[in-house]
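Please read it with the structure open.

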Amino acid sequence: MTYAEAVADGIWAAGTARVGYIPSVSVAPVVNSLVATDGGADGVSPRVTPLSREEEAIGVMGAVAFTGELGAVVMQDNGFGNALTALTTFTLSYHLPLLVFANTRGSLGEYNSMIHSISQPVPALLRTAGLPVVELDRRSSAEDWRDTVKEAGVHAVMTYRPVVVLGSFWNTDGKAA
């Protein structure tokens, strides 16, 4: 099992009904695994949908809670600049469970010198806004990633609030920064 497959397995194992994602090369392996396990192709399946912006994804997938089910968002951490208002004024304020998986940028192995300014403070920024954050990196196995992503989704449902999982693929089989 690859780390990307582990994230996808964890998202489905949490009981997620729908997944929205913001296309990017960094999360493409996760999205491809989500789509493949859901019987789709070319980035789309019955339960996996590409969306154009992070705040749109938070709104659409956060609204899945109104049907009594769990929605999830897959994105890059630099997108929290767009998503923070939607996360705090919609999902957090209205006590809506939502699982967010974001790959991290701006750490070891990062080649893009411009992305450090937004990505490095993301965990502290999210915690300051009152969002639960779980961080994963190469020190945990792919199986640990799967179990942690699943438990984050279960925790979101149990606590009626969004939970963010930040995963650094650097030096894993994903090798991405």
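1. Source. This is a predicted model, in which local features need pLDDT of at least 70, side-chain atom pairs count only at pLDDT 80 or more, and totals for chains, interfaces and linings use all residues. Residues are numbered from 1 along each chain as its sequence is written, and side-chain values use heavy atoms, with hydrogens and water left out.

2. Main core. The largest nonpolar core holds 30 residues. Ile-11, Leu-34, Val-74 and Phe-101 have the most contacts inside it. (A nonpolar core is a set of buried Ala, Val, Leu, Ile, Met, Phe, Trp, Tyr and Cys residues joined through side-chain atoms within 4.5 Å. Buried means under 20% relative accessible area, exposed over 50%, and partly exposed in between, with a 1.4 Å probe and protein chains only.)

3. Who builds the core. Two or more residues each come from helix 1 (3-13), strand 1 (16-21), helix 2 (28-37), strand 3 (70-76), strand 4 (98-103), helix 7 (142-159) and strand 6 (162-167). Helix 1 gives the most, with 7 residues. (Helices, H or I of at least four residues, and strands, E of at least two, are DSSP runs numbered from the N terminus.)

4. Leu-34 touches Ala-8, Ile-11, Trp-12, Val-19, Val-48 and Val-74, not counting residues up to four places away in sequence. (Contact means heavy atoms within 4.5 Å.) Another core, of 23 residues, lies apart from the largest one; Ala-57, Met-61, Met-75 and Leu-98 are among its members.

5. Helix 1 on helix 7. The two axes are 7 Å apart and the packing angle is about 25°. (Axes are lines fitted to C-alpha atoms, for helices over the stretch in contact, and angles run from 0 to 180 degrees between N-to-C directions.) Helix 1 and helix 7 are therefore roughly parallel. (Under 35 degrees counts as roughly parallel, over 145 as roughly antiparallel, 65 to 115 as roughly perpendicular and the rest as oblique.) Helix 1 contributes Tyr-3, Ala-6, Val-7, Asp-9, Gly-10, Ile-11 and Ala-13 to the contact, and helix 7 contributes Ala-142, Trp-145, Arg-146, Val-149 and Lys-150.

6. Helix 1 on helix 2. These axes come within 8 Å and cross at roughly 50°. That makes helix 1 oblique to helix 2. Ala-4, Glu-5, Val-7, Ala-8, Ile-11 and Trp-12 of helix 1 meet Pro-29, Val-30, Ser-33, Leu-34 and Thr-37 of helix 2.

7. Helix 2. Which residues are buried in helix 2? They are Val-30, Val-31, Ser-33, Leu-34 and Val-35. Their cover includes helix 1, strand 1, strand 2 (48-50), strand 3 and strand 4. Gly-39 follows helix 2 and has a positive phi, near 80°.

8. Pro-162. This residue lies in strand 6. Pro-162 counts as buried because its relative accessibility is 0%. Beyond four places in sequence, Pro-162 touches Leu-87, Thr-91, Leu-92, Leu-96, Pro-97, Leu-98, Leu-131 and Pro-132.

9. Thr-16. This residue sits in strand 1. Thr-16 is buried, with a relative accessible area of 3%. Leaving aside neighbours within four places in sequence, Thr-16 is in contact with Ile-11, Arg-47, Leu-70, Gly-71, Ala-72 and Leu-99.
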